[in-house]
Amino acid sequence: MAPMTTPGEEMHALVERLYPLCRSITGDGVRATLEIVDEYVPLNVHEVPTGTQVLDWTVPQEWNIRDAYIADSAGNRVVDFAASSLHVLGYSVPVAATMPLAELREHLHTLPDHPTWVPYRTSYYQPEWGFCLAQETLDAMPDGEYEVRVDSTLADGHLTYAEHVIPGQVADEVIVSCHVCHPSLANDNLAGIAVATFLARSLAERTPYYTYRFIYAPGTIGAITWLARNAERVEKVKHGLVLACAGDSGSLTYKQSRRGDAEIDRVMRHVLAASERPHEIREFTPYGYDERQYCSPGFDLGVGSLSRTPYADYPEYHTSADNPDFVSPQAMADTLTVCREAFAVLDRNRRYVNLSPYGEPQLGRRGLYDALGGRSDTKQAQLALLWTLSLSDGERSLLDVAERSGLPFDTVAEAADALHGAGLLKA
């Protein structure tokens, strides 16, 4: 029998499978990526035509590429798109020319401080062409004539994004968003795609309280497009999380929503602190990933961002060194676990009203103390019953109770379930 694979190993296998695809903010690379994700969770794919007005933006032309290279005078491909999708400046316009190295250099991008790495560069909204290559490759190129070829298409088409929805007990939603526009970059953001996908599979094992909507969209323009197309129903979004850089070896980092005190912010702070994992909580800034779109002042949604090492804080960011070896099954599994823990708290964080608020109700005759017999945490469970009764005034949530009492949230939630079942609390 073949050995059982862990969720972390399965996520890493998904990253490796997606890694070679050439993704951008539009195009067949995005579609191919979503087709693979659809094998794991069913997706509803949306195609938005070029020229569509989306808030203050316009859906751009669609970009696709078939081949690109720089060849020397002997016909040898010195730089070859077939070897890595990073080798071409994203959204490069077509070019077929022969030119001297001195002229070609104006279109070349390298990282002199990391001479073996290839950078990731784009030019979405300014017509340009270019190549990205290792500095050591450029240093080895002699002066002379080079054939330059970019076989790409920039034409009217569509922007593609997808959704996966897990119906809940209520119509209020939690959104989980990840960007699908980067080419061969494992941590940014194939690890985020993988964690989101396996999180969706995990949540589908039960009927959650909230409805969970997973959004797979190109960065910036994709989130803006989703908001534009969902502006009339966005009030249903009560909480949200952007997943990015979810697979490197760094400790977890949570970036708070613009509000700073949104329920998702409190839940993430609580879960990370209670887990005793090394972590960092960062204040909101209007720079980063798509939390800045969801948190823009007109929408001001309670959406934070979870990553390991944040964007641009590791040297491999936006380079060929961000490859599948840079992310690990263990790190992605840890990110997934924290997401599951956070959503478990979010789903159970209710406000209750004590139906017997005058004096302490007699718990023994209702069998509530008897039910605790034999538990290793009997004292803690008793305190949870008393704290929950004390603070259940319709204003405070179970998370408030846990934080005020210093008790584990799960213990408080179990106490609330017992009290509700005994007729002492109402939601």
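**View 1. Lining of the second largest pocket in the predicted model.** The second largest pocket is lined by His270, Val271, Ala274, Ser275, Glu341, Ala344, Val345, Pro408, Phe409 and Asp410, and its volume is about 190 Å³. A pocket here is an open set of points on a 1 Å grid over the protein atoms alone, with protein on both sides within 12 Å along at least five of seven lines, and a lining residue has an atom within 4 Å of a point. Helix 7 (263–275), helix 9 (329–348) and helix 12 (409–421) each contribute at least two lining residues, with the largest share, four residues, coming from helix 7; helices are DSSP runs (H or I, at least four residues) numbered from the N terminus. Because domain 1 (7–60 + 160–347) and domain 3 (351–426) both give residues to the lining, the second largest pocket lies between them, the domain bounds being taken from an automatic or database assignment. This is a predicted model, in which local features need pLDDT of at least 70 and side-chain atom pairs count only at pLDDT 80 or more, whereas totals for chains, interfaces and linings use all residues. Residues are numbered from 1 along each chain as its sequence is written, and side-chain values use heavy atoms, with hydrogens and water left out.

**View 2. Packing of helix 10 against helix 12.** Helix 10 (residues 378–391) and helix 12 pack at an angle of about 65°, with their axes 8 Å apart; axes are lines fitted to C-alpha atoms over the stretch in contact, and angles run from 0 to 180 degrees between N-to-C directions. The two helices are therefore roughly perpendicular to each other, a term that covers angles of 65 to 115 degrees.

**View 3. Largest pocket.** About 490 Å³ of space lies in the largest pocket, a volume being the space filled by probe spheres set on the grid points, which are joined across faces, edges and corners. Of its 22 lining residues, His182, Thr220, Gly288, Arg292 and His318 are the closest to the centre. Domain 1 and domain 2 (70–155) each provide at least three residues of the lining of the largest pocket.

**View 4. Largest cavity.** One cavity of 30 Å³ or more is found in a search of the whole structure, a cavity being a set of points where a 1.4 Å probe fits but cannot get out. Of the 14 residues lining the largest cavity, Arg23, Trp63, Gly90, Tyr120 and Pro183 are the closest to its centre, and the volume of this cavity is about 70 Å³. At least three lining residues come from each of domain 1 and domain 2.

Notes
Angles under 35 degrees count as roughly parallel, over 145 as roughly antiparallel, 65 to 115 as roughly perpendicular and the rest as oblique.
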